[in-house]
Amino acid sequence: MAHRPSKKFKKTLLGSGAVVVLAALNAPAAVSFAEEKYHAYKIAQPGYKKAFGSWAEVNVPAEYRINAIHAALLHTGKVLLIAGSGNDQKNFDAGTFETILWDPAKNTFKKIPTPVDFFCSGHTQLPDGRLLVAGGTARYEVLEDGVEKAGGGMRVKNESPDKAVTLRKGTVFRSPSGVEYVSKFDVTVPKAKREFEISYFKSGQMKPWKTKVTAAEARVFVEATKAGPQALTTEAAQYEVVGLKGEEADNVYGIAQKLTTEKQDFQGIKGAYEFDPRAERYIPVAPMKDARWYPTLVTLQDGKVLAVSGLNDVGDVVPGDNEIYDPATKKWTKGPFRYFPTYPSLFLTKGGKLLYTGSNAGYGPAEKGREPGLWDLKKNSFTKLGGLTDPDQLETSASLMLPPVQDQKVMVLGGGGVGESAKSTARTSIVDLSEDSPVFTDGPALPQGTRYLSSVLLPDDTVFTSGGSEEYRGRSGSDILKAQFYDPRTNAFAEAAEPTVGRNYHSEALLLPDGRVATFGSDPLFDDKDNTKLGTFEQRIEVFTPPYLHQAGTDRPALGEGPQELDQNGRATFRTADAGRIVEARLMRPSAVTHTTDVEQRSVELGLTKGQDGKTVTVDVPQDRTLVPPGWYMLFVTDANGIPSEAKWIQVG
């Protein structure tokens, strides 16, 4: 769509003598200035906004600006922004952990006391509207050239069947040659397992009982007390625990095989908390069995939560030990065993299987656990799905269930090579799970190779995508200041207004209850194209107003009085003066997003009937909880032009 500047604007633009002189001299500065002025003029025009939407920066007071690593929409309409230590070693060392609660309707902010370092935790929406947050950071990574003392994982054994043993941080382990290592965290080792073996003589008479004791084991990271080659080892050995005496010294010992000065990765925590949106505070629940950093949490059809992957308490990828959280008991139990790289994108599909799209965010070997497939949790079987273009570039890709969820189509967008690879792909790919033998097929390409792309479902059944970078963490000034809409009905992209803030690693985007999209964060390696100036974390919040809101102005369909819960038939009736213009209704699950990973959002098509008096509408929600997991949802209705109402919150039990 072409827009010509007005005569008044041209006079303003060329009214400065300095600009005219510079232009006459063909000065690049003048050309750039003129282009910027015209661009600002163009995007401010009502016609442009109706076609492409608009961006606006949120005024965030200085005391509330944080390194937003995680963002989650709560059923109060407020957005929880979690930084933890915010990828800042100094904050971690000082115990400075941050969370901010933002009310986008009032643009108010509140600091939330943050009990542990939730940096790189996992999170998901619970049925009662609380947000489960689990895992986070126990220790920052130390790169190889910064490792001064040998360290690694120590397996602590306890052969006593009578009591558990807790060894506090600072416990010393001594090798057979006298080299000492100190533990960096507390560790509790359970009691050993005692079993009685019963056997019989040929005569049938029972033999005397034999007792079999199996040692219990826990893990802790240790570091040599002194630097030097004498502390390096790659051979298995048993280590005494200094300070233990008598029988306890015999029962409790350490075993380590590899203590080196290689790079030491981030280490996770076991802690888990529920954030209460009403009380606006974190509430501790039972910790996980495994420590996790970069885990994915996904809500299942029964309201329980599966926690998958992450780096453990010694910096290794959890080898496949997954856990299930029960909101009723606030406790964790063992889940089905399966290995995934960190932050895997897992989506609950019709029937209860989880789709792993292959999207992930980082740690794990390139050749393990990266193929997409359907995971049957009951049978613990995994069926691989083929057809994906650029399967080696799924790291930092985006994934989402296309609207409506009943269609069971899932899309993968962009991504890059494993680790700090310069590779990135413009590929999008779609799998239709309703087919007998589903495979991925290519969709329309993105404008360019894109990592860290934000992808958000909108109430008009389109997908809004924005930002990202072409290279790893925006290296070489590769942030992409572009946005577009994907329409599943036409299988095509359309241009959207360009953001002004670059977003790459550690960025998030989510749908707000008023139909806008908020974007947060970004953590570039460098702030310049030459990669000479270290990057700074992006603390600005920018909000996108889609074209449908500019087209509507103040004339949006609206829902009036109605319930916040469904009746026994899964229905809810709302009064409205707009019954005649309302044509569709959607339930949209609120996001909980980090590291391009948002397995929460889904759009559910609802049945819609209108009252005979023309003053009510009734929505009918599917009973299948694999399509509509329990929890709070935003209810949007739209007219024939795709213009949505503001959301009403409704709870699905």
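User: What makes the place of Tyr294 a loop between β21 and β22?

Analyst: Strands are runs of DSSP state E with at least two residues, helices are runs of H or I with at least four, and both are numbered from the N terminus. β21 covers 281-285 and β22 covers 296-299, and Tyr294 lies between them. The model is a predicted one, in which local features need pLDDT of at least 70, side-chain atom pairs count only at pLDDT 80 or more, and totals for chains, interfaces and linings use all residues. Residues are numbered from 1 along each chain as its sequence is written, and side-chain values use heavy atoms, with hydrogens and water left out.

User: Why is Tyr294 called buried?

Analyst: Buried means under 20% relative accessible area, exposed means over 50%, and partly exposed is in between, with a 1.4 Å probe and protein chains only. Tyr294 has 2% relative accessibility, so it counts as buried.

User: Which residues does the cis peptide bond join?

Analyst: The bond joins Pro403 and Pro404, with omega about -15°. Pro404 is found in the loop between β30 and β31 (409-413).

User: What makes β30 and β33 edge strands?

Analyst: Two strands pair if DSSP finds at least two bridges between them. The order in this open sheet of 4 strands is β30-β31-β32-β33, with antiparallel pairing. β30 (398-401) and β33 (440-442) each have a single partner strand, so one side of each is left without a neighbour in the sheet. Neighbouring strands here are turned by 25° against each other on average, direction ignored; axes are lines fitted to C-alpha atoms, for helices over the stretch in contact, and angles run from 0 to 180 degrees between N-to-C directions.

User: How do you know that β32 and β33 pair?

Analyst: β32 (residues 428-432) and β33 are joined in the antiparallel sense over 3 bridges, which meets the criterion. Ser429 stands opposite Asp442 in β33.

User: Why is Leu355 called buried, and what does Leu355 contact?

Analyst: Leu355 is in strand β27 (residues 354-356). Its relative accessibility is 0%, so Leu355 counts as buried. Contact means heavy atoms within 4.5 Å. Leaving aside neighbours within four places in sequence, the contacts of Leu355 include Phe347, Leu374, Val410 and Val431.

User: Is Thr597 buried or exposed?

Analyst: Thr597 is at 7% relative accessibility, so it counts as buried. Its place is in the loop between β43 (592-593) and β44 (603-605). Not counting residues up to four places away in sequence, Thr597 touches Thr296, Tyr343, Pro344, Ser345 and Ala592.

User: What makes β11 and β12 a hairpin?

Analyst: β11 (residues 172-174) and β12 (residues 180-183) pair in the antiparallel sense over 3 bridges. There are 5 residues between them, and Gly178 in the turn has a positive phi of about 95°. Arg174 stands opposite Glu180 in β12. β12 also pairs with β16 (residues 216-224) in the antiparallel sense over 3 bridges.

User: How do you know that the radius of gyration agrees with a compact globule?

Analyst: The radius is taken over C-alpha atoms, and the globule rule is 2.2 Å times the number of residues to the power 0.38. For 653 residues a compact globule would have a radius near 26 Å, and the protein chain has 28 Å, which agrees. Of these 653 residues, 54% count as buried.

User: What is the confidence in the protein chain?

Analyst: pLDDT is the predictor's confidence in each residue, from 0 to 100. The protein chain averages 94, and 95% of the residues score at least 70. Over residues 1-25 the pLDDT is below 50, and this stretch has 23 contacts in the model beyond near neighbours in sequence.
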